[in-house]
Amino acid sequence: MVACFPSVSTLILDGGDENTVNAVAQLLAYALGIGCDDTENLEMLWSRRKQQYDREMGPFLTPRMFPYSWLGLTARCDGFVFRIEDDPEAYLQYRGVDGTPYPDRTDIAVTLVWDSLAHDYAQEIVSFLTC
């Protein structure tokens, strides 16, 4: 679980973008946002490409794209909940066709953004940067 804004009353899912999810809130004089990979959608794409044995994906050494899943907002709506689905160590040696490692396959990456509500664009920029 990643509880990023414990004093925020409610984060609201903001829809995200292609392959991402995000949530936004307001706290005092700030617009706040949190975003991460949409693991459900990316796993679906991964599975499809694996079935087609897409060579651009390199060797399919793991049963999933990520060893974790994004489950949604915490019960208090102050952060995100993740579940470990598989042994992360199995994903450490995964490399693409060019030999480049994929650390994002093992690390849970969360984007946190805030901006002053004194700016007219605060809500929009926070939402955009967390997608």
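## Cysteines

C77 is partly exposed, with a relative accessible area of 21%, and C131 is also partly exposed, at 32%. Here buried means under 20% relative accessible area, exposed means over 50%, and partly exposed is in between (1.4 Å probe, protein chains only).

How many disulfides are there? A disulfide is a covalent bond between the sulfur atoms of two cysteines. Counting a disulfide as a pair of cysteine sulfur atoms within 2.5 Å, the total here is 0.

## About the model

This is a predicted model, where local features need pLDDT of at least 70 and side-chain atom pairs count only at pLDDT 80 or more, while totals for chains, interfaces and linings use all residues. Residues are numbered from 1 along each chain as its sequence is written, and side-chain values use heavy atoms, leaving out hydrogens and water.

## Aromatic rings

Now for the rings! The structure holds 4 aromatic pairs. One of them joins F66 and Y68: their ring centres are 5.2 Å apart and their planes meet at 40°, so this pair is tilted. Rings of Phe, Tyr and Trp (its six-membered ring) pair if their centres lie within 6.5 Å; planes under 30 degrees apart count as stacked, over 60 as edge-to-face, and the rest as tilted. F66 is buried at 2% relative accessible area, and Y68 is buried at 3%.

Another pair is W70 with F80, whose centres lie 5.5 Å apart with planes at 80°, so it is edge-to-face. This pair links distant parts of the chain, 10 residues apart: W70 sits in strand β5 (residues 68-73) and F80 in strand β6 (residues 79-84). Strands are DSSP runs (E, at least two residues), numbered from the N terminus. Both W70 and F80 are buried.

## The cluster

Which residues form one aromatic cluster? They are F66, Y68, W70, F80 and F82.

Definitions and conventions:
Helix = DSSP H or I, 4+ residues; strand = E, 2+ residues; numbered from the N terminus.
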